[in-house]
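Hi,

Here is the structure I said I would pass on to you.

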Amino acid sequence: MDPLVATLILISLALLGARLSFSNEKVPFGPRLLFRTGTHFLFLGALLGPGALGLVSVEALEQLFPLMALGLGWVGFLFGLQLERQVLRQFAPAFHWVAFAQAILAFGVFASGSWFALKLLGLAERPWTALVWTAAATACISTPAGIAMVSSNFLVRGPVRQLLFFVSSIDGLVGIVALQIIYSVYHGPDSFPSLGTLPAAFWLFNGLALGVVCAIIFLWLTRLRPSSDVLVLYLMGTCAFAAAAALRLHVSPLFVCVVMGVVVTNLSLDHRRIYRAVERWEKPLYVILLILAGALLDVGGAALLIPLAFAYALLRGFAKLIGGWAATRIVRPGFPVPGTIGAGLLPQAGISIAMALSALLTFYQPRDPDAPGGRLLFGAVVIGVVISELTGPFFAVRVLRRAGEISPAVEEALAAGEEEEAQAAAIRHSVIPPDENPSDTNGSNA
(Lines give C-alpha, C1' and ligand atoms only; values in the text may rest on other atoms or scores of the structure.)
Protein backbone atom coordinates (compact mmCIF):
# COMPACT_ATOMS: atom_id res chain seq x y z
CA MET A 1 0.00 0.00 0.00
CA ASP A 2 1.18 3.52 -0.77
CA PRO A 3 2.51 5.18 2.43
CA LEU A 4 0.31 8.26 1.86
CA VAL A 5 -2.81 6.10 1.59
CA ALA A 6 -1.72 4.12 4.67
CA THR A 7 -1.26 7.38 6.60
CA LEU A 8 -4.70 8.66 5.62
CA ILE A 9 -6.31 5.35 6.62
CA LEU A 10 -4.52 5.40 9.99
CA ILE A 11 -5.58 8.97 10.70
CA SER A 12 -9.19 8.16 9.80
CA LEU A 13 -9.18 5.09 12.02
CA ALA A 14 -7.58 7.07 14.85
CA LEU A 15 -10.19 9.84 14.76
CA LEU A 16 -13.06 7.35 14.49
CA GLY A 17 -11.64 5.01 17.12
CA ALA A 18 -10.93 7.78 19.61
CA ARG A 19 -14.54 8.89 19.33
CA LEU A 20 -16.15 5.46 19.64
CA SER A 21 -13.80 3.77 22.14
CA PHE A 22 -12.47 4.39 25.66
CA SER A 23 -15.74 5.74 27.08
CA ASN A 24 -18.63 3.30 26.75
CA GLU A 25 -19.93 3.11 30.32
CA LYS A 26 -22.93 0.95 29.31
CA VAL A 27 -20.72 -1.96 28.31
CA PRO A 28 -20.33 -4.64 31.05
CA PHE A 29 -17.20 -4.41 33.21
CA GLY A 30 -15.27 -7.24 31.53
CA PRO A 31 -15.70 -6.19 27.86
CA ARG A 32 -15.29 -2.56 28.93
CA LEU A 33 -11.67 -3.32 29.81
CA LEU A 34 -11.05 -4.22 26.17
CA PHE A 35 -12.60 -1.02 24.84
CA ARG A 36 -11.28 1.39 27.44
CA THR A 37 -7.67 0.21 27.03
CA GLY A 38 -7.83 0.20 23.23
CA THR A 39 -6.60 -3.39 23.02
CA HIS A 40 -8.81 -4.05 20.01
CA PHE A 41 -6.70 -1.59 17.98
CA LEU A 42 -3.66 -3.84 18.50
CA PHE A 43 -5.58 -6.72 16.93
CA LEU A 44 -6.70 -4.44 14.09
CA GLY A 45 -3.10 -3.43 13.44
CA ALA A 46 -1.96 -7.06 13.47
CA LEU A 47 -4.70 -7.88 10.95
CA LEU A 48 -3.66 -5.03 8.65
CA GLY A 49 0.07 -5.67 9.03
CA PRO A 50 2.52 -7.64 6.87
CA GLY A 51 2.05 -10.77 8.98
CA ALA A 52 -1.65 -11.11 8.07
CA LEU A 53 -3.50 -9.27 5.28
CA GLY A 54 -0.45 -7.25 4.30
CA LEU A 55 -2.42 -4.06 3.68
CA VAL A 56 0.32 -2.21 5.57
CA SER A 57 3.65 -3.52 4.27
CA VAL A 58 7.09 -3.35 5.87
CA GLU A 59 7.99 -0.58 3.41
CA ALA A 60 4.90 1.40 4.43
CA LEU A 61 5.75 0.92 8.11
CA GLU A 62 9.22 2.31 7.53
CA GLN A 63 7.71 5.35 5.82
CA LEU A 64 5.44 5.82 8.84
CA PHE A 65 8.35 6.06 11.33
CA PRO A 66 7.92 9.88 11.59
CA LEU A 67 4.30 9.32 12.64
CA MET A 68 5.52 6.84 15.27
CA ALA A 69 8.03 9.43 16.48
CA LEU A 70 5.24 11.99 16.87
CA GLY A 71 3.19 9.49 18.90
CA LEU A 72 6.14 8.64 21.15
CA GLY A 73 6.90 12.31 21.68
CA TRP A 74 3.28 13.08 22.51
CA VAL A 75 3.05 10.25 25.05
CA GLY A 76 6.27 11.34 26.75
CA PHE A 77 5.32 15.02 26.77
CA LEU A 78 1.91 14.27 28.28
CA PHE A 79 3.49 12.18 31.03
CA GLY A 80 5.97 14.95 31.81
CA LEU A 81 3.21 17.55 32.00
CA GLN A 82 1.64 15.55 34.84
CA LEU A 83 4.74 15.99 37.02
CA GLU A 84 3.83 19.45 38.25
CA ARG A 85 5.48 20.18 41.58
CA GLN A 86 2.42 21.93 43.04
CA VAL A 87 0.30 18.82 42.42
CA LEU A 88 2.94 16.37 43.66
CA ARG A 89 3.34 18.33 46.89
CA GLN A 90 -0.26 17.54 47.81
CA PHE A 91 0.78 13.96 48.58
CA ALA A 92 2.71 12.81 51.63
CA PRO A 93 6.43 12.04 51.15
CA ALA A 94 5.71 8.41 52.07
CA PHE A 95 3.59 8.09 48.92
CA HIS A 96 6.53 9.20 46.78
CA TRP A 97 8.94 6.82 48.49
CA VAL A 98 6.56 3.88 48.10
CA ALA A 99 6.01 4.69 44.40
CA PHE A 100 9.69 4.76 43.51
CA ALA A 101 10.76 1.96 45.87
CA GLN A 102 8.25 -0.57 44.54
CA ALA A 103 9.13 0.27 40.92
CA ILE A 104 12.88 -0.06 41.53
CA LEU A 105 12.40 -3.32 43.41
CA ALA A 106 10.10 -4.68 40.67
CA PHE A 107 12.73 -3.72 38.08
CA GLY A 108 15.40 -5.58 40.02
CA VAL A 109 13.30 -8.71 40.57
CA PHE A 110 12.22 -8.88 36.91
CA ALA A 111 15.73 -8.25 35.59
CA SER A 112 17.25 -10.85 37.95
CA GLY A 113 14.71 -13.50 37.00
CA SER A 114 15.13 -12.83 33.28
CA TRP A 115 18.92 -12.83 33.49
CA PHE A 116 18.86 -16.14 35.36
CA ALA A 117 16.67 -17.59 32.58
CA LEU A 118 19.18 -16.35 29.99
CA LYS A 119 22.02 -18.01 31.90
CA LEU A 120 20.16 -21.32 31.85
CA LEU A 121 19.68 -20.95 28.09
CA GLY A 122 23.31 -19.94 27.52
CA LEU A 123 22.30 -16.53 26.09
CA ALA A 124 23.83 -14.18 28.66
CA GLU A 125 25.56 -12.08 26.00
CA ARG A 126 25.45 -8.34 25.38
CA PRO A 127 22.55 -8.18 22.83
CA TRP A 128 20.35 -10.42 24.97
CA THR A 129 21.17 -8.68 28.24
CA ALA A 130 20.16 -5.39 26.63
CA LEU A 131 16.80 -6.97 25.83
CA VAL A 132 16.43 -8.16 29.44
CA TRP A 133 17.09 -4.70 30.89
CA THR A 134 14.70 -3.14 28.38
CA ALA A 135 11.96 -5.64 29.26
CA ALA A 136 12.52 -4.92 32.96
CA ALA A 137 12.10 -1.18 32.32
CA THR A 138 8.73 -1.80 30.65
CA ALA A 139 7.66 -4.22 33.39
CA CYS A 140 8.23 -2.04 36.45
CA ILE A 141 5.58 0.57 35.65
CA SER A 142 1.80 0.66 36.13
CA THR A 143 -1.19 2.73 35.01
CA PRO A 144 -3.86 4.55 37.02
CA ALA A 145 -6.49 3.75 34.37
CA GLY A 146 -7.29 0.35 35.89
CA ILE A 147 -7.57 1.79 39.41
CA ALA A 148 -9.72 4.65 38.13
CA MET A 149 -12.05 2.19 36.40
CA VAL A 150 -12.40 0.03 39.51
CA SER A 151 -12.94 3.10 41.70
CA SER A 152 -15.61 4.42 39.38
CA ASN A 153 -17.34 1.05 39.04
CA PHE A 154 -17.44 0.29 42.80
CA LEU A 155 -17.53 3.90 44.12
CA VAL A 156 -14.31 3.29 46.06
CA ARG A 157 -12.87 5.80 48.50
CA GLY A 158 -10.02 5.14 50.90
CA PRO A 159 -6.30 5.58 51.57
CA VAL A 160 -5.26 2.32 49.87
CA ARG A 161 -7.10 3.31 46.70
CA GLN A 162 -5.45 6.73 46.92
CA LEU A 163 -2.01 5.15 47.35
CA LEU A 164 -2.55 2.82 44.39
CA PHE A 165 -3.70 5.67 42.20
CA PHE A 166 -0.75 7.89 43.07
CA VAL A 167 1.86 5.13 42.75
CA SER A 168 0.55 4.02 39.37
CA SER A 169 0.48 7.63 38.17
CA ILE A 170 4.17 8.36 38.68
CA ASP A 171 6.09 5.06 38.83
CA GLY A 172 6.43 5.23 35.05
CA LEU A 173 9.20 7.74 35.69
CA VAL A 174 11.40 4.92 37.01
CA GLY A 175 10.96 2.86 33.83
CA ILE A 176 11.53 5.85 31.54
CA VAL A 177 14.74 6.87 33.33
CA ALA A 178 15.91 3.23 33.38
CA LEU A 179 15.32 2.98 29.63
CA GLN A 180 17.42 6.09 29.01
CA ILE A 181 20.24 4.61 31.12
CA ILE A 182 20.01 1.37 29.13
CA TYR A 183 20.18 3.35 25.87
CA SER A 184 23.25 5.18 27.19
CA VAL A 185 25.09 2.05 28.39
CA TYR A 186 24.41 0.04 25.22
CA HIS A 187 24.85 2.97 22.86
CA GLY A 188 26.87 2.23 19.72
CA PRO A 189 29.00 4.55 17.57
CA ASP A 190 26.27 4.95 14.91
CA SER A 191 25.29 8.54 15.77
CA PHE A 192 28.78 10.03 15.49
CA PRO A 193 30.99 7.38 13.82
CA SER A 194 34.01 9.69 13.71
CA LEU A 195 33.97 10.03 17.51
CA GLY A 196 33.81 6.30 18.17
CA THR A 197 32.20 4.93 21.33
CA LEU A 198 31.44 7.70 23.80
CA PRO A 199 30.86 7.15 27.55
CA ALA A 200 27.37 6.40 28.83
CA ALA A 201 27.35 9.62 30.87
CA PHE A 202 27.63 11.62 27.64
CA TRP A 203 24.49 10.08 26.18
CA LEU A 204 22.62 10.38 29.46
CA PHE A 205 23.42 14.09 29.59
CA ASN A 206 22.73 14.36 25.85
CA GLY A 207 19.15 13.17 26.30
CA LEU A 208 18.61 15.50 29.27
CA ALA A 209 20.03 18.49 27.40
CA LEU A 210 17.93 17.77 24.29
CA GLY A 211 14.75 17.74 26.38
CA VAL A 212 15.64 21.04 28.09
CA VAL A 213 16.54 22.73 24.79
CA CYS A 214 13.28 21.61 23.15
CA ALA A 215 11.34 22.86 26.18
CA ILE A 216 13.01 26.28 25.93
CA ILE A 217 12.16 26.44 22.21
CA PHE A 218 8.53 25.58 22.93
CA LEU A 219 8.30 28.12 25.77
CA TRP A 220 9.72 30.78 23.46
CA LEU A 221 7.23 29.92 20.70
CA THR A 222 4.27 30.12 23.12
CA ARG A 223 5.37 33.22 25.02
CA LEU A 224 2.62 35.36 23.35
CA ARG A 225 -0.17 32.85 24.15
CA PRO A 226 -1.04 31.66 20.62
CA SER A 227 -4.50 30.54 19.55
CA SER A 228 -5.58 26.94 20.18
CA ASP A 229 -4.90 25.83 16.59
CA VAL A 230 -1.44 27.40 16.55
CA LEU A 231 -0.68 25.92 19.97
CA VAL A 232 -1.50 22.42 18.69
CA LEU A 233 0.74 23.06 15.67
CA TYR A 234 3.61 24.10 17.98
CA LEU A 235 2.99 21.03 20.13
CA MET A 236 3.07 18.61 17.21
CA GLY A 237 6.12 20.23 15.67
CA THR A 238 8.11 20.31 18.91
CA CYS A 239 7.17 16.77 19.97
CA ALA A 240 7.94 15.36 16.51
CA PHE A 241 11.28 17.20 16.38
CA ALA A 242 12.32 16.13 19.89
CA ALA A 243 11.39 12.48 19.36
CA ALA A 244 12.95 12.29 15.87
CA ALA A 245 16.16 13.89 17.14
CA ALA A 246 16.25 11.43 20.03
CA LEU A 247 15.79 8.45 17.68
CA ARG A 248 18.53 9.80 15.42
CA LEU A 249 20.90 10.14 18.39
CA HIS A 250 19.85 6.71 19.75
CA VAL A 251 18.63 8.13 23.04
CA SER A 252 15.16 7.55 24.48
CA PRO A 253 12.51 9.77 22.83
CA LEU A 254 10.23 9.18 25.82
CA PHE A 255 12.88 10.40 28.25
CA VAL A 256 13.62 13.47 26.13
CA CYS A 257 9.95 14.41 25.85
CA VAL A 258 9.26 13.71 29.54
CA VAL A 259 12.06 16.13 30.42
CA MET A 260 10.53 18.64 28.01
CA GLY A 261 7.11 18.20 29.63
CA VAL A 262 8.49 18.59 33.17
CA VAL A 263 10.26 21.84 32.26
CA VAL A 264 7.20 23.24 30.47
CA THR A 265 4.66 22.38 33.19
CA ASN A 266 6.83 23.87 35.93
CA LEU A 267 7.92 27.05 34.09
CA SER A 268 5.02 27.98 31.82
CA LEU A 269 2.31 30.27 33.17
CA ASP A 270 -0.10 28.68 30.68
CA HIS A 271 0.64 25.06 31.50
CA ARG A 272 -3.00 24.15 32.23
CA ARG A 273 -4.06 25.21 28.74
CA ILE A 274 -1.12 23.33 27.24
CA TYR A 275 -2.09 20.20 29.15
CA ARG A 276 -5.67 20.38 27.94
CA ALA A 277 -4.48 20.73 24.34
CA VAL A 278 -2.15 17.73 24.64
CA GLU A 279 -4.81 15.63 26.38
CA ARG A 280 -7.36 16.44 23.68
CA TRP A 281 -5.19 14.81 21.02
CA GLU A 282 -3.95 11.99 23.23
CA LYS A 283 -6.49 9.36 22.18
CA PRO A 284 -6.15 9.74 18.36
CA LEU A 285 -2.36 9.53 18.58
CA TYR A 286 -2.59 6.64 21.03
CA VAL A 287 -4.85 4.79 18.58
CA ILE A 288 -2.28 5.33 15.81
CA LEU A 289 0.49 3.97 18.06
CA LEU A 290 -1.61 0.92 18.94
CA ILE A 291 -2.42 0.15 15.30
CA LEU A 292 1.22 0.54 14.26
CA ALA A 293 2.35 -1.56 17.23
CA GLY A 294 -0.07 -4.28 16.15
CA ALA A 295 1.20 -4.08 12.56
CA LEU A 296 4.78 -4.56 13.80
CA LEU A 297 3.90 -7.76 15.67
CA ASP A 298 5.50 -10.91 14.28
CA VAL A 299 2.28 -12.88 13.85
CA GLY A 300 4.15 -15.78 12.25
CA GLY A 301 6.11 -16.37 15.45
CA ALA A 302 3.03 -16.69 17.65
CA ALA A 303 3.99 -20.23 18.73
CA LEU A 304 6.98 -18.77 20.59
CA LEU A 305 5.62 -15.30 21.20
CA ILE A 306 2.52 -16.21 23.21
CA PRO A 307 4.31 -18.44 25.80
CA LEU A 308 6.99 -15.78 26.14
CA ALA A 309 4.32 -13.10 26.69
CA PHE A 310 2.67 -15.18 29.42
CA ALA A 311 6.09 -15.70 31.03
CA TYR A 312 6.63 -11.92 30.87
CA ALA A 313 3.24 -11.26 32.49
CA LEU A 314 3.78 -13.87 35.24
CA LEU A 315 7.28 -12.67 36.09
CA ARG A 316 6.07 -9.07 36.09
CA GLY A 317 3.20 -10.00 38.41
CA PHE A 318 5.63 -11.67 40.83
CA ALA A 319 7.98 -8.67 40.65
CA LYS A 320 5.14 -6.25 41.40
CA LEU A 321 3.96 -8.36 44.35
CA ILE A 322 7.46 -8.43 45.83
CA GLY A 323 8.04 -4.74 45.11
CA GLY A 324 4.73 -3.63 46.61
CA TRP A 325 5.09 -5.80 49.71
CA ALA A 326 8.68 -4.74 50.41
CA ALA A 327 8.12 -1.03 49.67
CA THR A 328 5.17 -0.74 52.07
CA ARG A 329 7.15 -2.56 54.79
CA ILE A 330 10.23 -0.39 54.34
CA VAL A 331 8.24 2.86 54.03
CA ARG A 332 5.22 3.00 56.33
CA PRO A 333 2.44 5.03 54.65
CA GLY A 334 0.70 5.66 58.00
CA PHE A 335 -2.32 3.37 57.51
CA PRO A 336 -2.84 -0.40 57.13
CA VAL A 337 -1.82 -1.68 53.70
CA PRO A 338 -2.51 -5.25 52.47
CA GLY A 339 0.61 -7.29 51.86
CA THR A 340 -0.68 -8.04 48.36
CA ILE A 341 -0.90 -4.37 47.38
CA GLY A 342 1.42 -5.07 44.44
CA ALA A 343 -1.44 -7.00 42.80
CA GLY A 344 -3.31 -3.71 42.58
CA LEU A 345 -0.49 -2.36 40.41
CA LEU A 346 -0.76 -5.07 37.73
CA PRO A 347 -2.69 -2.92 35.20
CA GLN A 348 0.02 -1.86 32.79
CA ALA A 349 0.25 1.41 30.95
CA GLY A 350 0.16 1.97 27.22
CA ILE A 351 3.41 3.76 27.89
CA SER A 352 5.01 0.30 28.20
CA ILE A 353 4.05 -0.34 24.56
CA ALA A 354 5.54 3.03 23.66
CA MET A 355 8.77 2.07 25.45
CA ALA A 356 8.95 -1.25 23.59
CA LEU A 357 8.24 0.50 20.28
CA SER A 358 10.94 3.05 21.04
CA ALA A 359 13.46 0.26 21.71
CA LEU A 360 12.47 -1.53 18.48
CA LEU A 361 12.97 1.64 16.42
CA THR A 362 16.25 2.50 18.14
CA PHE A 363 18.04 -0.84 18.47
CA TYR A 364 16.42 -3.03 15.84
CA GLN A 365 15.22 -1.79 12.48
CA PRO A 366 12.78 -4.15 10.69
CA ARG A 367 15.38 -5.09 8.05
CA ASP A 368 18.22 -5.47 10.56
CA PRO A 369 19.64 -9.04 10.73
CA ASP A 370 19.58 -8.74 14.53
CA ALA A 371 15.92 -7.67 14.48
CA PRO A 372 14.33 -11.03 15.43
CA GLY A 373 15.43 -10.69 19.06
CA GLY A 374 14.10 -7.15 19.19
CA ARG A 375 10.81 -8.10 17.54
CA LEU A 376 10.48 -10.98 19.99
CA LEU A 377 10.91 -8.60 22.92
CA PHE A 378 8.50 -6.13 21.35
CA GLY A 379 5.84 -8.78 20.75
CA ALA A 380 6.20 -10.25 24.25
CA VAL A 381 5.81 -6.82 25.86
CA VAL A 382 2.81 -5.87 23.71
CA ILE A 383 0.92 -9.11 24.38
CA GLY A 384 2.04 -9.04 28.03
CA VAL A 385 0.54 -5.55 28.36
CA VAL A 386 -2.73 -6.85 26.92
CA ILE A 387 -2.76 -9.67 29.49
CA SER A 388 -2.02 -7.23 32.33
CA GLU A 389 -4.63 -4.74 31.14
CA LEU A 390 -7.36 -7.37 30.95
CA THR A 391 -6.60 -9.16 34.21
CA GLY A 392 -5.11 -6.41 36.39
CA PRO A 393 -8.35 -4.63 37.36
CA PHE A 394 -9.78 -7.87 38.76
CA PHE A 395 -6.74 -8.20 41.04
CA ALA A 396 -7.13 -4.53 42.01
CA VAL A 397 -10.71 -5.29 43.09
CA ARG A 398 -9.45 -8.08 45.34
CA VAL A 399 -6.83 -5.81 46.92
CA LEU A 400 -9.40 -3.10 47.65
CA ARG A 401 -11.82 -5.69 49.04
CA ARG A 402 -9.10 -6.97 51.36
CA ALA A 403 -8.38 -3.39 52.44
CA GLY A 404 -12.08 -3.00 53.27
CA GLU A 405 -12.58 -0.15 50.81
CA ILE A 406 -15.14 -1.91 48.59
CA SER A 407 -18.36 -2.11 50.56
CA PRO A 408 -20.47 -5.28 50.22
CA ALA A 409 -23.53 -3.02 50.48
CA VAL A 410 -22.32 -1.04 47.48
CA GLU A 411 -21.77 -4.21 45.47
CA GLU A 412 -25.23 -5.49 46.35
CA ALA A 413 -26.89 -2.20 45.40
CA LEU A 414 -25.00 -2.05 42.10
CA ALA A 415 -25.92 -5.64 41.31
CA ALA A 416 -29.57 -4.73 41.92
CA GLY A 417 -29.26 -1.67 39.65
CA GLU A 418 -29.90 0.78 42.52
CA GLU A 419 -27.29 3.47 41.81
CA GLU A 420 -28.59 6.02 44.31
CA GLU A 421 -28.54 3.45 47.10
CA ALA A 422 -25.03 2.42 46.05
CA GLN A 423 -23.83 6.04 46.27
CA ALA A 424 -25.40 6.44 49.70
CA ALA A 425 -23.78 3.19 50.87
CA ALA A 426 -20.42 4.35 49.52
CA ILE A 427 -20.67 7.60 51.51
CA ARG A 428 -21.60 5.69 54.69
CA HIS A 429 -18.72 3.26 54.11
CA SER A 430 -16.13 5.94 53.36
CA VAL A 431 -12.94 5.48 55.35
CA ILE A 432 -11.42 8.88 54.49
CA PRO A 433 -12.41 11.86 56.61
CA PRO A 434 -13.38 14.78 54.31
CA ASP A 435 -10.43 16.92 55.39
CA GLU A 436 -7.86 14.18 54.73
CA ASN A 437 -8.75 13.26 51.16
CA PRO A 438 -5.85 14.35 48.92
CA SER A 439 -6.55 15.31 45.32
CA ASP A 440 -5.92 12.91 42.51
CA THR A 441 -3.14 13.63 40.08
CA ASN A 442 -4.26 15.32 36.90
CA GLY A 443 -2.97 12.78 34.47
CA SER A 444 -4.05 9.74 32.53
CA ASN A 445 -0.61 8.15 32.12
CA ALA A 446 -1.64 6.82 28.69
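Let's start at valine 56: leaving aside neighbours within four places in sequence, valine 56 is in contact with Leu48, Gly49, Pro50 and Leu61. Contact here means heavy atoms within 4.5 Å. Valine 56 sits in the loop between H3 and H4. Helices in these notes are DSSP runs of H or I with at least four residues, strands are runs of E with at least two, and both are numbered from the N terminus. With a relative accessibility of 9%, valine 56 counts as buried. The cut-offs are under 20% relative accessible area for buried, over 50% for exposed, and partly exposed in between (1.4 Å probe, protein chains only). Alanine 46 is 10 residues from valine 56 along the chain, and their C-alpha atoms are separated by 9.5 Å.

Before going on, a word on what you are looking at. This is a predicted model, where local features need pLDDT of at least 70, side-chain atom pairs count only at pLDDT 80 or more, and totals for chains, interfaces and linings use all residues. Residues are numbered from 1 along each chain as its sequence is written, and side-chain values use heavy atoms, with hydrogens and water left out.

How far can you trust it? pLDDT is the predictor's confidence in each residue, from 0 to 100. The protein has a mean pLDDT of 81, and 80% of its residues reach 70 or more. Confidence is lowest in helix H2 (residues 29-37), with a mean of 51, and highest in helix H14 (residues 253-267), at 95. Two stretches to treat with care are residues 26-32, where pLDDT stays under 50 and the model has 12 contacts beyond four places in sequence, and residues 431-443, where pLDDT also stays under 50 and there are 31 such contacts.

Now the overall picture. The secondary structure comes to 21 helices and 0 strands. The protein has 446 residues, and 54% of them count as buried. Taking contacts with a separation of 6 or more, 82% are between residues 24 or more positions apart. The accessible surface is about 19,100 Å², and 67% of that belongs to carbon and sulfur atoms; these areas come from the Shrake-Rupley method with a 1.4 Å probe, and for residues only the protein chains shown count as cover.

Which residues have the most contacts inside the largest nonpolar core? They are Phe77, Leu235, Ile274 and Phe378, in a core of 130 residues. Helix H5 (residues 65-81) gives the most to this core, with 12 residues. A nonpolar core is a set of buried Ala, Val, Leu, Ile, Met, Phe, Trp, Tyr and Cys residues joined through side-chain atoms within 4.5 Å. Not counting residues up to four places away in sequence, leucine 235 touches Trp74, Phe77, Phe218, Ile274, Ala277 and Val278.

In H16 (residues 282-295), 13 of the 14 residues are buried. From first C-alpha to last, H16 reaches 20 Å, close to the 20 Å expected at 1.5 Å a residue; the expected span is 1.5 Å times one less than the number of residues. H10 has 12 residues and reaches 17 Å, close to an expected 16 Å. In H10, 11 of the 12 residues are buried, among them Arg161, Phe165 and Ile170.

- Leucine 155 is in the loop between H9 and helix H10 (159-170). Its phi is positive, about 55°, although leucine 155 is not a glycine, and at 27% relative accessibility it counts as partly exposed.
- Histidine 250 is in the loop between helix H13 (228-249) and H14. Here phi is near 60°, again positive in a residue other than glycine, but histidine 250 counts as buried at 17% relative accessibility.
- Threonine 143 is in the loop between helix H8 (126-139) and helix H9 (144-154), and is buried, with a relative accessible area of 2%.
- Glycine 51 is in the loop between helix H3 (39-48) and helix H4 (58-63). Glycine 51 counts as partly exposed because its relative accessibility is 46%. Leucine 296 is 245 residues from glycine 51 in sequence, yet the two are 8.3 Å apart in space, C-alpha to C-alpha.
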